[in-house]
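Dear colleague,

My notes on what was found in it follow directly after.

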Amino acid sequence: MKRILAFIIIFSLVFSLAACNQNKSKVENISEMEWNQILESAKGTTVNFYGWGGSQMTNNWIDTYLAKRLKEEYDITLNRVPMNIDDILNKLLGEKQLNTEGTVDIVWINGENFYTAKSNDLLYGPFVEKLPNFKKYVDTDSVEVEYDFGFPVEGYEAPYGKAQFVMVYDKERVKNVPIDHKTLLEMAKNNPGKFTYPAPPDFTGSAFVRNIIYDIVGYEQFLTMKADKETVKKAIEPAIDYLKTLKPYLWKEGKTYPATIAQLDNMYSDNEVIMSMTYNPNSVAGKIITGEFPETTNTFVFEKGTIGNTHFLAVPKNAPNKAGALVVINFILSVQAQASKYNPENWGDLPVLDYQKLTEDEKKVFEAIKIGKGVLPQDYLLSHRLPEIPAKLIPIIEEIWIENIPTEGE
Amino acid sequence: MNTKLKPYLLLIPVMTIILGIFTFGLAMGLAQSFGYFPAIGLKDFTLKYYMEILTDKGFLSSLKFSLYISIVSSILAVIIGVALAYSILQSKHKKGIEEIVYKLPIIIPHTVAVLIVYNILAQSGILPRILFHLGLIHDQSQFPSMLFDKSGIGIIITYLWKEIPFIAMVVYTVLSNISNKLSEVALNLGASKRQVFWHVLLPLVMPSIISSFIIIFAFSFGAFEVPYLLGPTAPKTLPVEAYIEYTNPNLANRPYAMVINMILTFFSLVLIWLYQKTFKLISKYSGGYR
């Protein structure tokens, strides 16, 4: 009898587990609520924050600063779930297929992933107009807030931080710092085997290729370009030819490339190459502090500028705690949170707030932060900042690179 | 309650979950490989993706590269592994340190093995540094490039380091269970040690060698992390190729990833079938020679 009972219990447990997800359907109409009501209903809840967890500094900032302040000020428990964006998208897609309530409240997203998520109806919105800090501090008409990799945001994501592509080099070993693609080629010729870049689709490697394209053929034509392989191929041909010319002087004669930026950083630390690159211009200071990079490490951008982009926060359509998500995102857009995030000791992520909109006291908060060794000042970066290529074109460029560069000459 | 049925009944709850998820995933993958993916608006069954992949030059070079790595590493692992097992059998102090030492690589995960190989063989690694300090090479780049190379040497070395002990362990267990009488009879009748190995011992362990060969072959053919971390930019092995297609933010690319996965699944099924065959062979042989 006992055994039969045990069977029944196990079976009922199994099936109730499978079924329980479908019964909860709280009817909460966030879009009609006032901000005060949203604050009230977010009190005492947990917010699940999904995003890239590959940087210890970033994780630390969220766990120690952000989570702690949210608990103190809004009684919200922040639960950080480290997950790569493609896995998050798959999770959201799977939940959509099963038509269940979700588990993700906030997702750290941008670029082609935002394009995919929004065009597959995975996101909640528009919501940014609800956030008091968005209206108060953010330049709502700027291209970088209205467009994400050329795709209109339309209020479906709020800016989180900014990044810009910079090249990393060692002052001791690179005497003539390149200023454009030509001088880069010269430098590579003078130091054969000592320079390389990660193979796209690695994020940073792909950005390097786009920067070369910009430096050679300009960026304006891409902003309205059709996502058609032949068109793109024709437009970037001079850049592909340049990369072919560069190839024999690269690490291992360009026959193979580091698969990830982490590997290139490693090779740079190991003296195997004399340059690296990064999409987070402030990360270099942190790496000098931890001793990963030599003290003489410095950064530069091309004279014509380099690509910058904004990363965003979005709320999934099936998020269980939308009110909590909005409160958290609003707090991230506050002066204190953005300033703490900008401090290289915490993270070093560039702020998204509009300087014109800050009061004198608020500006001083940012000015007091020391940006650290090897880092370019923010105004220099901003004056050398180019917009990203539309998301649709990026996979095409990566495809053309893979078909032309690594297999060339065989 | 029927005692024969009992274990199966007890397993039902967990197996419904495990097999349910497994078959569901496989069925979804199969449907997506035929272009049926309603969540993103693809609703027609088509063979288009199979045709495109199977005629793609990149895919064929990936397939070749995958087969090359798994065949070379598995054959070398079997040859060296059997030799190692035999030498352990021959050695006097069998229960010594070597038994722990040769089993150690089996426990260590593949990613750690990659790290070890990388640290030793990269051009900035330990071996080139030693050679440099000994004055045998004048520059790090004189050291032959073994990692991230089209020859796949780094990947093969990693697999060998993990697989030789595995083969040795399996073969040694079988060898040490074969009764000494057979070898002694052969020796008595004038056979040399070499003849005993080739004509008595090897045929007896052959079924286990074949089955363990199939295991490591299937593993290295379907494994992702070693070629991802140590492989060249092009060609990539099939699992790496499938992963890159899968993570493409354009969801319309998903069917390509699934086609590659289905091809990998097909190879695995063939290998499982072969494994079953050899297993039958083993059970036919075992018992008679004790």
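**Contact between the two chains**

Between chain A and chain B, the count of salt bridges is zero. Please bear in mind throughout that this is a predicted model. Eight residue pairs, both at pLDDT 80 or more, are in polar contact between chain A and chain B. On the side of chain A that touches chain B, the elements giving two or more residues are helix 1 (2–20), helix 4 (85–98), helix 5 (112–119), helix 11 (261–269) and helix 17 (393–404) of chain A. In terms of residues, 33 of chain A are in contact with 35 of chain B. The area buried between chain A and chain B comes to about 2800 Å², and carbon and sulfur atoms give 59% of that area.

**Salt bridges**

Side chains of opposite charge can pair when their charged atoms come close. Over all chains, the structure holds 17 salt bridges.

One of them joins Arg385(A) to Glu144(A), with the closest N and O atoms 2.7 Å apart. This pair links distant parts of the chain, since Arg385(A) lies in strand 11 (residues 385–386) of chain A and Glu144(A) in helix 7 (residues 143–146) of chain A, 241 residues apart. Arg385(A) is buried, at a relative accessible area of 13%, where the limit is under 20%. Glu144(A), at 25% relative accessibility, counts as partly exposed.

Another salt bridge is formed by the side chains of Lys71(A) and Asp75(A), at 3.7 Å from N to O. Lys71(A) is partly exposed at 42% relative accessibility, and Asp75(A) is partly exposed with a relative accessible area of 33%.

Glu253(A) and Lys255(A) also form a salt bridge, in which the closest N and O atoms are 3.2 Å apart. Glu253(A) counts as partly exposed at 47% relative accessibility, as does Lys255(A) at 48%.

**A nonpolar patch on chain B**

On the surface, a nonpolar patch is formed by Leu11(B), Val14(B), Met15(B), Ile17(B), Ile18(B), Leu19(B), Ile21(B), Phe22(B) and Leu26(B), which together have about 800 Å² of accessible area. Leu11(B), one of these residues, is placed in helix 1 (residues 6–33) of chain B. With a relative accessible area of 43%, Leu11(B) is partly exposed.

With kind regards

Terms used: Residues numbered from 1 in each chain as written. Chains lettered and ligands numbered in written order. Predicted model: local features only at pLDDT ≥ 70, side-chain atom pairs only at ≥ 80, totals over all residues. Heavy atoms only, no water. Salt bridge = Lys/Arg side-chain N within 4 Å of Asp/Glu carboxyl O. Buried < 20%, exposed > 50% of the residue type's maximum accessible area, 1.4 Å probe, protein only. Helix = DSSP H or I, 4+ residues; strand = E, 2+ residues; numbered from the N terminus. Patch = residues over 30% accessible without salt bridge, like charges linked within 9 Å, V, L, I, M, F, W, Y side chains within 5 Å. Areas by Shrake-Rupley, 256 points an atom, 1.4 Å probe, with all protein chains shown as cover. Contact = heavy atoms within 4.5 Å. Buried area = accessible area lost by both parts, 1.4 Å probe. Polar contact = N/O pair within 3.5 Å; in protein donor to acceptor, adjacent residues only side chain to side chain.
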